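Subject: Structure for you to look at

Hello,

The structure we spoke about is below. My notes on it follow.

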Amino acid sequence: MAKLLILVLKNLRRNPLRVSLTGLAVLVLVTIYVLIQSVLSFLDQQMQEKTTNIRLIITERFRIPSRFQKADFDRIVLPGGETYARLMQLPGYQPEAWTLWHFMAFSLDPDLSRRDPNRFFFAIGTLPEKMPTMIDGLEGIDPALCAKLKNPGVSGMENAGLLLGPKRLARLGVRVGDRLQAFAVSHRDRTGQPIKMDFIVVGVLPENTRWDEAAFMDYDYVERTLTDAGSDLAGLINLGWLTVLDQPTAQAACAIIESHNRNIKCETAATAVNRFFEPLKDILFGVRYLLVPTILVVMAVVVSNAIGITVRERTSEIAVLKVLGFTPAQILVLILGEGLTIGILGGFLGVAIPHLLVNYVFKGIRLPLGFFPVFFVPLKAYYWGPWIGAATALAGSLWPAINGCRVRVAEIFSRVS
Amino acid sequence: MIPLRYNLRNLVVRWRVTALTALGFVLVLAILVVMLAFVEGIRELARRAGRPDNLLVLREGTNDELFSDIADMADLARVWLSEYVATDDHGEPMVSPEVYAIATQQLPPDPRDGRPRYRFLQLRGLMDPERAAAVHGLRLLRGRWFSSVGDECVMGQGIASLLGLDVGSSFQIREDLTWKVVGILDSRGTPFDSETWAKREVVGQQFGKDNVERGQRFFTSILVRLRDPALADWFADTLKDRTGLELSAIPEPKYYERMSEANTLFLAAALFIAAIMATGGMFGLMNTMFAAVSQRTKDIAVLRILGYQRWQILLSFLFEAMMLALLGGLVGIALGSLFHGIEQKSFISSGQGGGKTVVFQITVTPFVLKTASLFTILMGLLGGLVPSWAATRLRPLEALR
């Protein structure tokens, strides 16, 4: 076997140009496969129901965008309410695992008609102390940084901290420590004027997460400002979040919550994401079942062509190998080995290059789909790439390899003589 | 004279390699055509949407109907009492104040877990459906407009066929509200194909931003037909001053053009994917052409001895590569074009997080054909150039030896 392997490597070295071109073709095609698969696998992961630590989304039942009374959510998560009491009886219910979101859109420009995207930001009012545990993608965030939303360290600016994603920070052209006056595009005061809010930029959200264009602020600050301004949206929240231990608890919790208040609905995050992606189902189907298979077939065709040419050029050589005692199976392995080596190497590089470029140089694939503005190449792609390269190379080399095995010694020698 | 017949015959003689290389081109070009035609379908829909003499009035700062809210107050009437607004045959201003909303419709429970399921429905609440349709430039395909009494609605053709509903059908939009479909809009190829139109009060109160307790009514948009489309910019600029309200107005086609801007991203992604795939296909072509050159060194030497110049050899091999590319490319374009007209669902969005679902057809436009042809030529040229140049570097006597 070792001798066969050495022979395979020696054969590859004989035509470096062809090997390089075929390898490059595999590399670029695996690259595009990896990029597409990175997006698809992330979406699949979001749309797939989890079995433990399940996130539940509480929203207004009938409208988009969802808005409902915070008091209704309080009855679910704070002691004292009947809903809370019934939820507490569920074995997998985690009373501390909840948070809420209130969305606001701001412009740094008082003239809202100038829709300069570099002066605009979208902020989520939430509970700072819950951020490290209740926001997907921010699990590793420093709790002390989140606490600065409440205490930015500037007198007279209590609760006015703002955490910005690194991309948004750069686009707004601000730095940590800067003081901002922002004008709400989405919220008006009692006279119909945009609500003004002052912020201190207290920190930057971690890099390479889907939050790199977002901003977080303290919900208490939002609520206080809206109440003072007489906004219609005071006392309302957009979403409530719960985390429960398992699926049976999730089902039971949602049933309890909905039975106590018919104006709100409760569902798992995966169900909600699935519904939001419903209009994109056709695109995702096309990508999954038309584009991806085509890439794989093109890859197999390119390898098949290259290995086919190699076999045709080496028919005399194969005949000599047969005379020397090589069995058809060994010749098959030799030819397939060439294809496999190219496939595995091209496949590995086809993952390594996009992984490094996308995750560390370009900081993600920017393809805003729903709530997911940016995608990254996952580490598990290092399994896909070489496997896909190997499988397509094997499929592409199979027919030329079988042809190589079928070479008739007498026929070849008579032609040569 | 370039030995073109020699190259063509070579393609025929080496038919297996020719076919396999061309197959790579066929697949790359077919998928490119499908991807571009998909994006073009949405762009075509947006291009055809809206009338240039219609202005869409939204709340200042928003560029999506879903996020706009215009409080219904006396000053608002000035929007359509302007002398610049067109009137219909009865002298009524061609104005349609509307409430656009996305409702979550509750569906029967999932038998597996007994939990309710939901889907989104796009609703438009109208004060006068007939006038609204006239301003939008739409008409009924069958049935009648909903009346001011009773829970009735009219639906776009696309959404009606998707939900399996027709005139006379009823559907429950929420537990306490059932609508009867009384008309189907002739809406194919428009952004209203996936909308359900009903009374403004019902949509505003049940799914919009109306606050019944506080007695507040909101519109999301007001569509205004101008007497003269040339007045659009002027009207938009002065609207705010004349009404004293925080409003902005943009020509209706421009609104949909903006809504389809998200598709530029899809277009860029499609071109990027196609370019990478084309690069893979190009390496395949290079392989084939290098093999062709190395197998025919003696032929090239003979041609050189017969008096053919280096540039003629270069052009002849380049021609061979181009023939291969064109063969695969044309078949690929034809194959991809077979998808023309297939109905698809997607969404258009202003980028603010809203957007709307649209039903459209995959459309192979001249842009698609031109881009695909350009890809074919570029792949052929780039894939064939280096091997052809290598062919010109051969020394005739050495090659013959």
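I start with Asn159(A), which is buried at a relative accessible area of 13% (buried means under 20% relative accessible area, exposed over 50%, partly exposed in between, with a 1.4 Å probe and protein chains only). Asn159(A) has a positive phi of about 65° although it is not a glycine. It sits in the loop between helix H6 (143-147) and strand E6 (161-164) of chain A; helices (H or I, at least four residues) and strands (E, at least two) are DSSP runs, numbered from the N terminus.

On conventions: this is a predicted model, in which local features need pLDDT of at least 70 and side-chain atom pairs count only at pLDDT 80 or more, while totals for chains, interfaces and linings use all residues. Residues are numbered from 1 along each chain as its sequence is written, chains are lettered from A and ligands numbered from 1 in the order in which they are written, and side-chain values use heavy atoms, without hydrogens and water.

Lys363(A) also has a positive phi, near 55°, in a residue other than glycine. Its loop runs between helix H13 (328-361) and strand E13 (365-369) of chain A, and Lys363(A) counts as partly exposed at 24% relative accessibility. The peptide bond from Ile64(A) to Pro65(A) is cis, with omega near -5°. Pro65(A) is in the loop between strands E2 (63-64) and E3 (68-69) of chain A.

In chain B, helix H2 (residues 15-48) has 34 residues and reaches 46 Å from its first C-alpha to its last, close to the expected 50 Å (1.5 Å times one less than the number of residues). Of the 34 residues of H2(B), 26 are buried, so the helix is largely enclosed by the rest of the structure.

Now the interface. Chain B brings 67 residues to the contact and chain A 60 residues (contact means heavy atoms within 4.5 Å). The area buried between them is about 5500 Å², with 62% from carbon and sulfur atoms; buried area is the accessible area (1.4 Å probe) that two parts lose on being put together, summed over both. Arg115(B), Tyr118(B) and Asn287(B) supply 12% of the area that chain B buries against chain A, more than any other three residues.

Across this interface the rule finds zero salt bridges (a side-chain nitrogen of Lys or Arg within 4 Å of a carboxyl oxygen of Asp or Glu).

Regards
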